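Please look through the notes that follow with the model open beside you. They are written as numbered points, so that each can be checked in turn.

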2 protein chains.
Amino acid sequence: MVEVQDLGERALIELARRICKVGPPVKVGVGDDAAVVEIDGKYLVATTDMLVGHTHFPMGTPAKEMGWKAVVTNLSDLAAMGAEPLGLVFSVGLPRGTKADFVRELLRSMNSCARRYGTYVVGGDLNESGDVVISGTAFGTVPKGGLLTRSGARAGDIVAVTGELGVAAAGVKMLLEKLPKRGYGKLLEAYAKPTARVREGVFLARSGYATAAIDVTDGLAANLWQISRMSKVKLVVDYSKIPVSPQVRKFARDHGFDEREFVLFGGEDFELLFTVRRDGWEKVKRGLSRRHIKVSAIGEAVRGQGVYIRTEEGIEKMPDRGYEHFR
Amino acid sequence: MVEVQDLGERALIELARRICKVGPPVKVGVGDDAAVVEIDGKYLVATTDMLVGHTHFPMGTPAKEMGWKAVVTNLSDLAAMGAEPLGLVFSVGLPRGTKADFVRELLRSMNSCARRYGTYVVGGDLNESGDVVISGTAFGTVPKGGLLTRSGARAGDIVAVTGELGVAAAGVKMLLEKLPKRGYGKLLEAYAKPTARVREGVFLARSGYATAAIDVTDGLAANLWQISRMSKVKLVVDYSKIPVSPQVRKFARDHGFDEREFVLFGGEDFELLFTVRRDGWEKVKRGLSRRHIKVSAIGEAVRGQGVYIRTEEGIEKMPDRGYEHFR
């Protein structure tokens, strides 16, 4: 009999999408970064993400890192839809024997992170469970016409990304292989206290030029593939244009890792990968720069299908996978 | 060092309430049945509930019962606020080795249950975890002025309840003690395929007469205490007026159980316990009856504090506890 691990995540999501059909007032159901429901002439956006003890956190991860990441993960999904957050609710499962201090730290970090983004933890549920399980739901709103999905990219659009890629994956590698941390503060921070691109998503939604968006949680390659498939366009990316942090470059060189593993297949950077109409690119770039947000055009959408990468050695099809050693 | 099981659920919720302070546009934060955020002149209501494998389900519970209950649990919390559902999102954790058929059944029952209440499962997240974990969030809206909370009961109000109480608790008892099921279909159904009082909650919210509401999930006594504490009123209930199903009565008699254990301290009936202004009671009663919904006045709110019960033996203070043998 087929078991879940044989099916894999993509087949399971497809199964859920087929079973959970939607109708009005639902605009986007199972399968995008978040669900979208029409409400009084705007869109309500809701997203849920579950983080599970040993699966999502290396042993010994402090409560405050768990809480922070749980909030960022959910807000990042809202950002990818262009939505402004209204609040978050959390269901938390804790094993017997969990220290009260752990719960206090977890709640405090959730609250601080929500406040950092101008929003609140508004409700929750606490339960006994085998692992630590943190299941969050964030909700927010976006004006109609501003909604960003994975399916709006068109041939001719610019492909762009905020911030720098591969940082969190290099950070995890460093932790898991117990490599020296000195000089790699950015890698640790990206992993332990990531940033959600909330204001950036709201800006893109309002700009009127962004056509699709997704947050980089599975790795750039995997996330490019999701936009390519959902938007039915071919995406061609220039490796030399992808923003790579000097710390990632040095870390890879020092330890003999392939930098591209982190940059193309490393997840959890929570940067926004998006497409923009060519005639709006300069405005979008200027608008984000004025807000001190780094943004890079890394390629373009053309007619066709698939994801391709241009390097010094030529153009090749990018494999549709995330960072395999990530966990 | 203090551990979570020593603190108990109530202290943990109080801790969360203290840490997660809220401000505008949040109207109700941590601590009620659901969170409430103002949005365009109405209230958005969101609630989250986590069901965990062995804690919430006896061994061998079929996937379709789990899925159904997960949806009902969340919709019932919306109902208790008077909100009309807009959709549900679910994060599901599954152990390695879970059969694909289990997932299919789970998703189908979630979808069927949501459709039964005119709403949809609009998004989700699937993960690997140690236990089966089903964490749902339901959201909906309620007109301003219609919102029902636990804190609105006033001296003079009628205390009322929909349906019949103790049915689910008797059903669990029957299952756990492997007692004969013949003639007790209602008990099984109440436990395996419970009903959320969604239309009833919406009706009460719109009636303009309901002052407070909660869904009976912890047991009538515990839920009365919650309204009493939050509304700062004394609640006096007449045992003879509490609607008890003849099947519960017979089940208790046949097996020598104390019927009151099920009725007063049994949880998960998902009925609505609410208070109504005395001058609106007849209208509310007629409105619900016209919709074929059983409703019973069981007592009244008076000045003071605490929860009291009147039986043939006199009036006594009701203990603030749920059904201890429930799980």
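This is a predicted model: local features need pLDDT of at least 70, side-chain atom pairs count only at pLDDT 80 or more; totals for chains, interfaces and linings use all residues.

1. Residues are numbered from 1 along each chain as its sequence is written, and chains are lettered from A and ligands numbered from 1 in the order in which they are written.

2. Confidence. The pLDDT, which is the predictor's confidence in each residue on a scale from 0 to 100, averages 93 in chain A, where 98% of the residues score at least 70. For the complex, the predictor gives an ipTM of 0.90 and a pTM of 0.93.

3. Domain bounds come from an automatic or database domain assignment, which for chain A gives domain 1 (4-143) and domain 2 (158-317). The centres of these two domains of chain A, taken over C-alpha atoms, are separated by 22 Å. To answer the opening question, 17 residues of domain 1 of chain A are in contact with 19 residues of domain 2 of chain A, where contact requires the C-beta atoms of two residues, placed from the backbone, to lie within 7 Å. On the side of domain 1 of chain A that touches domain 2, the elements giving two or more residues are α3 (63-81) and β4 (84-94) of chain A, and α3(A) gives the most, with 10 residues. Element names here follow DSSP runs numbered from the N terminus, with helices being H or I runs of at least four residues and strands being E runs of at least two.

4. The contact between the chains. Chain B contributes 65 residues to this contact and chain A contributes 65 residues. On the side of chain B that touches chain A, at least two residues each come from α1, β2 (35-39), β3, β4 (84-94), α4 (100-116), β5 and β6 of chain B, and the largest share, nine residues, comes from α1(B).

5. The six-stranded sheet of chain B. Six strands of chain B form an open sheet with mixed pairing, in the order β1-β2-β3-β6-β4-β5, where two strands pair if DSSP finds at least two bridges between them. Its edge strands, each pairing on one side only, are β1 (26-28) and β5 (121-128) of chain B. Within it, β3(B) (residues 42-52) and β6(B) (residues 133-143) run antiparallel and are joined by 11 bridges, with Lys42(B) having Pro143(B) as its bridge partner in β6(B).

6. The seven-stranded sheet of chain B. A further open sheet, with mixed pairing, has seven strands in the order β8-β10-β7-β11-β9-β12-β13 of chain B, and its edge strands are β8 (210-215) and β13 (314-317) of chain B. Strand β9(B) (residues 234-238) runs antiparallel to β11(B) (residues 295-302), with four bridges between them, and Val237(B) stands opposite Gly299(B) in β11(B). By contrast, β9(B) and β12(B) (residues 306-311) run parallel and are joined by five bridges, among them the pairing of Leu235(B) with Val307(B).

7. Backbone details to check. Which kind of peptide bond joins Pro24(A) and Pro25(A)? This bond is cis, with omega about 5°, and Pro25(A) lies in the loop between α1 (4-19) and β1 (26-28) of chain A. In chain B, the peptide bond from Pro24(B) to Pro25(B) is also cis, with omega near 5°. Glu268(B), a residue other than glycine, has a positive phi near 60° and sits in the loop between α10 (259-265) and β10 (272-276) of chain B.
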